[in-house]
Amino acid sequence: MYNAVYYDLFSGFRMTETSVSSIPPPPGTENPPLPPPSAPTNNSTSTPNHQQQSNWPPYYYNNYYSPQYAQFYAQYYNMMSGYNPYAYQAMNKKEDDDKIQPPLPPGPPLPNTPPSTPRSPLLNTPKQFGNIRFQLNGKRLPNHNAMMQQGNSPNSGAAKKKQLNIPKPAPPPETMPPELPLPPLPEGDKPPLPPTPQYDLSEIKPPQSGFNNPADDWPESLKDYVHRSYAKCKTAIDKNQVEIILKGKITQAYQSGQLNKDWSTEPLPNIHSERQAFTGQVKPVAGQLAQFQNGKKGLSPGLGARLGARASTLRGKSKSASRSRSRSPIGKKRSKSGSRSPKRHRASSGSSSSGGEEAFKPQIKNAKKNKGKLCDRLGPTKKLSGKAAKKQKAKAKKANNFYSTFGQEVEENNEILQQRAARFNNTKATGSPTTQATPINFNKGPAFVIDKPFEDGSAMDFDWSDCHIVGTCQDLEKSFLRLTKAPDPCDVRPVEVLKLSLQNVKDKWMLKQDYFYACDQLKSIRQDLTVQGVRNEFTVQVYETHARIALEKGDHEEFNQCQTQLKMLYNETGGPNRNEFIAYRILYYVFTKNTLDIMTIMKSLTKEEKSDPCISFALKIRSAWGSGNFHKFFTLYSQAPLMTGYLVDWFIDRERKDYLKCIIKSYRQNVTVSFVMQELAFKSTEECIEFLDPFSLTFVDNEKTLIDCKSSMAALSTI
Amino acid sequence: MSFMTLAHYLQIMDRSWRSQDGGKIATFISVRHEHAKYANYQLEMPEGLVDKFLVSPVDELVVLHLKCLYYLGKEDYLTAYQQQSTLVQTFAKILQAQKEENWSLPIMYTICSDLRLIAQQAEKQKVGVNEKPGEILEKAAECLMGCFRVCAADNRSGEEDTKRIGMLALVNQLFKVYFRINKLHLCKPLIRAIESSPFKESFSLSQQVTYRYFVGRKAMYDSNYKSADEYLTYAFENCHKASRKNKRLILIYLVPVKMLLGYIPSKKVLEKYDVIQFWDLVQAVCQGNLKLFDELMEMHESFFIKCGIYLIVDKLKIIAYRNLFRKVYLILNTHQIPVEALQCALEYLGQDVDLDETQCIVANLIYEGKIKGYISHQHRKVVVSKQNPFPALTSLT
């Protein structure tokens, strides 16, 4: 039952296209008044699909469709912009699409139907479901079906009395719901909207004869091919996929004038279910519906709840399973002997040859004096002289060049497929009929990323992070830009490129220590990973790198973002540096005085984790801080392992001030500055004096070696 | 075996709705009520039947309720939660539409607390690493906030009929959620709303006890021990004596807070409410027995952490230091205590400290006013005041 609804939504969507592509031109014009710049292209692009699509009745549309296809459908949606949020996205995207795609030849003439038919408000609202059954044989359904979903649905009792009172199985013409026509839409940028099906029905019935059906022109072999393709389908996903593939094929055939070729030899599309059965990995995704359910005012709450409930049971279960999860066991203990020289650390993600996988391995921060800079901790490259570093950089560049040429070769081989893949937001590219056609960029990462069904929020605050794409961008560097629309694959870098990018950032960081640059680059890498749904060891590396750099530079906000993500990533994929970052998190909470979250961490720690040197250090710091044992706190500070010292630095001044106040209040007559220096863990008297200076303390002598505590009491408030 | 026929149940609902008997509907729409256990109430699609008996809008509530029971029966808490959540949202709309009347508030109390309980169950049932912990509870909190806004916005009705009287119950439910998901900062606006409410004193006592329990706990986490003591004491004193479980919960927080402020609980009370774990701790702190203290901390660590009082109990160590040093002072009977003597005492009790650290501990006590005196670093002596060198903790402000 679930599938039926899900499926109907999609078929409802397909109707949309048909409706759009059959937009009647206004009287007196040959072509529909589309947005001037891109109109011809779009119009023609849609035409071949129109041929195929007009099999489905043009009843009405709604905006339920899988966002994965947003880009592919963009050409249709920009013609019917208005309320549809995706349409805007699509319009933005169109420009890029046009660049990629060669213009298609003009399609067959569009039907001549009066254009002024108003839309029905009911059907135009995004809240409405279109429950048109998808017909595999391409025949129209009796049109009353369209309005009958509420009544027909076996479980919509609560909803039904709220709905319009529609006579049950009524003959087509009588089923028109009483609707108010919308005022005619303003002409201008916006193209005329598709005719309201109900109003058209009498005119365009029977459909095959009522308006131009290009499918009539199809050769028998093609029709047969289409039928055979659909016959393979088992699930709604299959049908979606097959439809897209067929569209692509037919469009291509049309373009190249091969529409009349012998379709019987054409391989059938590779469908999802088959691949699933084959790999046994990809789980069907069934929850797309969920996003549209709750919080939808137009729906009866009962119906919404039921749908939402049903969908939500599937939530989280269908997370892309194709992700490789070669993980190192959580909590695996690293051997940490006294002198921790940075060792080569090969991440297990394997297939990359970029050499950029050396995890940042911080050294123990032993002496007070040489608090190792991050670049010292950047693994094996740390000893590089400037020259050598440059060399390595060049190597990275070279590797990148090599990579891109390699990629280009593949692109040449599969040029058309690649193109289409880009258009399709290409998650479906893997399902393209010629199986060898998988473009190189798609080898990695989730193979099939409809991924997790949507949150049960309203359709409006749709979370784009849930619709994953695979990027095609080859740029090594990219500035961070907050996404305001659906990510475009050609702006997103695939994992291979990102690995090089990360190495590049690390190299540059070691050379220049330009935090602004590094942060910007890392953020854009993180963004590319997020939109592609990549969450593996490499993702962990990126966040660890960024967290460490932010740690060193005291960027609290970025650090917090990274450590929050890392917390989740470690739960998902594990990672060798998990304990280290748990320790950082404890210290971060000490910094923010978030005792509750400290408690939560302590609750979750196992005995082994507590004995980890890094975590136990953090716990000791916490304990000393909690009981006001400043002496212990500062003693610990000077022995901070790894990069914990940087974190303690964030609140060291706060604690120093507290301790100084404490000293001044409790010691008499004088205390030596050297004692204070020692107690406050300063490396030199100068540093200590520099710290003390702003507080207008009273010194006994001019050399400032003795603080007069009693006289300094007055200065307490300035500390 | 069945409870009463569904038809009868629906008739009761219908009658109660017409006679505006909020309490009765509340009883019968609770998932904790007896009827919830019987299979004849657990219906996946009760619309048809319900429509025969009930009119809008109560029909929707009952439909959702029965569906919720269905999923609870199947132990599918997530779906049950969805149903209950829709139920609460639907009710919020109904409530909003009811002007100048508040008879239906009991229904809100019941369904909201059911919502939270189901959300907790769903949260437990949730598996898989990809789920964020607390996500469902957060959603539930949003849902409760929806009701809260309806109630808080009702400022036209007279005092008799105002829905604002329902605010505190919702706030309490929200507290329970926020404390569970560690989002205490979200409590602040709620506390402000209640403190500024003109009905502050008219809320029911049970709600006030709950409210003060949570506000007191929050104050404790904010290290505001004085007001924590105030709130928790009110809660403990006004909590119904039959609610032993609740009194025990209050005591778990009240005891450490009181001890920090220098009040020692009697053994009788601790025994009565089954929190005798604290007794050893009380002994350790009073005697300044740091060794015992450390042992107890280790022994009861998980209990303290589970209750969220580990960090505050940890602070009691400072009190133990003070009591130990007082003993040293009394033994030596001098105003000039050598730091070595204190260090010796500490080391005897298993504390690994040097002279500087001992000095630091003393300095901290002096700084907090728990010892009157000063340290002479040159002479390594702690010089304590001749009058009342260890003032009673209760006298400190």
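**The core and its rings**

Guide: Chain A holds 29 helices and two strands, where helices (H or I, at least four residues) and strands (E, at least two) are DSSP runs numbered from the N terminus. This is a predicted model, in which local features need pLDDT of at least 70 and side-chain atom pairs count only at pLDDT 80 or more, while totals for chains, interfaces and linings use all residues. Residues are numbered from 1 along each chain as its sequence is written, chains are lettered from A and ligands numbered from 1 in the order in which they are written, and side-chain values use heavy atoms, leaving out hydrogens and water.

A nonpolar core is a set of buried Ala, Val, Leu, Ile, Met, Phe, Trp, Tyr and Cys residues joined through side-chain atoms within 4.5 Å, buried being under 20% relative accessible area with a 1.4 Å probe, protein chains only. The largest such core has 240 residues, and those touching the most other members are Leu697(A), Tyr9(B), Phe175(B), Ile309(B) and Phe325(B). Helix α17 (residues 310–332) of chain B contributes the most to this core, with 13 residues.

Rings of Phe, Tyr and Trp (its six-membered ring) pair if their centres lie within 6.5 Å, with planes under 30 degrees apart counted as stacked, over 60 as edge-to-face and the rest as tilted; over all chains there are 33 aromatic pairs. The ring centres of Tyr9(B) and Tyr41(B) are 5.0 Å apart and their planes stand at 80°, so this pair is edge-to-face. Tyr9(B) is buried at 0% relative accessibility, and Tyr41(B) is likewise buried, with a relative accessible area of 0%.

Conventions: Buried means under 20% relative accessible area, exposed over 50%, partly exposed in between (1.4 Å probe, protein chains only).
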